[in-house]
Amino acid sequence: MGKFLIAIMLILVAAGACYRLFSSKPIPPGKLVDVNGTKLHIRAEGEKNNLPTLILESGAYSSTDMLHWIAEGLKEDMRIVRYDREGKWYSESVENSITSESYAHQLHELLEINGEKPPYILVGHSMGGIYNRIFRDVYPNEVKGMVFLDSSHPEQWERLVQKELIPENQVNSIKLMSILADMGIIGLYNKLFSSKFRNDGLPKECHIRSREITSYSGKVYDRYLKENTINKALLLRSGQVSSLDSLSVLVFTAKEQYREFQKEKYRREGIDPDKQVQLWFEMQKELKELSTNSKQFVMDGNHGSIITQKENADLINKEILLMVESIK
């Protein structure tokens, strides 16, 4: 039995190596721009006009495709920019150390090199809202509006039962996925067993790109772990932004924060899921109260579907256009 298992493992390693050898590198949907020796992936769409440029900032785990319907719905009216932060998806990793303000400076340089000009409206989903708060604090004169899409809150790990971006019991699983991807085994599995794509509302090509890049190497999984290590420093830095004054702000909050299986898990652990939702809504209200010129909307959907479902994105885009008209 031991010899049999070893033989199976050797076959898997060899097959994975063949997959890595003969599979082509995933092609980014945008272009790569060199920023101080680091190539960052950017997707800029829509004509430049007299309206502010919309900068879309994705969450901790997602790519530019996650904001597909936001970009698609607005690119005919204004300039839309999406990008991957360093090390994420199609962007290269920086070799020097990272600070909580590094991403703001890096994005600023990326925009300049790509020929984008302020004023900007910052749109952030989940952790993207945290990065946007820091960017606006560093470059206040270039930002004319902010949109929080079920955004993270600086005190969320202090006030919620979850105490970190990636729970400790999931870290080893992500490390394993990284190793399996580097070995080509995940890619080989996806080739042999065509599992269905998630029915989250995004077009098929978005899921194909996601599967290709997460199968090609362990880079995406490694970036999850990196973001986990810097997450608390980012939250702390964003928490220093205690006011957005009278900046035009929109806050969109997902009504469904937990799926039924998550609620059941919490109940087994003696945690009231409704209390957790209440705490999240309180923090979302606090985001609204950062500015004296703000609106909040509660959306039918969960943390992801608030933007991956086209009908939700359409409602968000409508309010963004109204915001743009009021501040242009």
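Asp65 turns out to be buried, with a relative accessible area of 6%; buried here means under 20% relative accessible area, exposed means over 50%, and partly exposed covers what falls in between (1.4 Å probe, protein chains only). The structure is a predicted model, so local features need pLDDT of at least 70 and side-chain atom pairs count only at pLDDT 80 or more, while totals for chains, interfaces and linings use all residues. Residues are numbered from 1 along each chain as its sequence is written, and side-chain values use heavy atoms, with hydrogens and water left out.

Asp65 has a charged partner in Arg43: the two form a salt bridge whose closest N and O atoms are 2.9 Å apart. The criterion is a side-chain nitrogen of Lys or Arg within 4 Å of a carboxyl oxygen of Asp or Glu. Asp65 sits in the loop between strand 3 and helix 2, and Arg43 in strand 2 (residues 38-45), so the bridge ties together parts that are 22 residues apart in sequence. Helices (H or I, at least four residues) and strands (E, at least two) are DSSP runs, numbered from the N terminus. Arg43 counts as buried too, at 11% relative accessibility.

On that salt-bridge rule the count comes to 19. Side chains of opposite charge can pair when their charged atoms come close. Take Lys75 and Glu72, whose closest N and O atoms are 2.9 Å apart. Here Lys75 is partly exposed at 22% relative accessibility, and Glu72 is partly exposed with a relative accessible area of 29%. Then there is Arg267 with Glu264, at 3.0 Å between the closest N and O atoms. Both lie in helix 10 (residues 260-268), three residues apart, or about one turn of the helix. Arg267 is partly exposed at 41%, and Glu264 is partly exposed at 35%. Elsewhere, salt bridges link Glu57, Arg85, Glu86, Arg223, Lys226 and Glu227 into a network.

Arg85, a member of that network, also lies over the face of Tyr131, 3.9 Å from the ring centre. A charge sits over a ring if NZ of Lys or CZ of Arg is within 6 Å of the ring centre and within 35 degrees of the ring normal. Lys310 does likewise over Trp69, at 5.9 Å from the ring centre.

Now for the rings themselves. Rings of Phe, Tyr and Trp (its six-membered ring) pair if their centres lie within 6.5 Å, with planes under 30 degrees apart called stacked, over 60 edge-to-face and the rest tilted. By this rule there are five aromatic pairs. Tyr61 and Tyr224 make an edge-to-face one, at 5.0 Å centre to centre and 70 degrees between the planes. Tyr61 belongs to the loop between strand 3 (53-57) and helix 2 (68-74) and Tyr224 to helix 9 (residues 219-238), so this pair ties together parts that are 163 residues apart in sequence. Tyr61 is partly exposed at 36% relative accessible area, whereas Tyr224 is buried at 15%. Phe252 and Phe297, by contrast, are stacked, at 5.1 Å centre to centre and 15 degrees between the planes. With Phe252 in strand 7 (residues 245-254) and Phe297 in strand 8 (residues 291-299), the pair ties together parts 45 residues apart in sequence. Phe252 is buried at 1% relative accessibility, while Phe297 is partly exposed at 22%. Ring pairs also link Tyr61, Tyr221 and Tyr224 into a cluster.

In soluble globular proteins, nonpolar side chains tend to be buried together. A nonpolar core is taken as a set of buried Ala, Val, Leu, Ile, Met, Phe, Trp, Tyr and Cys residues joined through side-chain atoms within 4.5 Å. The largest one has 48 residues, and those with the most contacts inside it are Leu110, Met127, Phe135, Met146, Leu234 and Leu244. Helix 9 supplies the largest share of this core, seven residues. Apart from it lies another core, of 28 residues, among them Met66, Val147, Phe252 and Met323.

Contact means heavy atoms within 4.5 Å. Leaving aside neighbours within four places in sequence, Leu234 is in contact with Ser100, Tyr103, Met127, Ile130, Tyr131 and Ile134. Arg237 lies in helix 9 and is buried at 8% relative accessibility.
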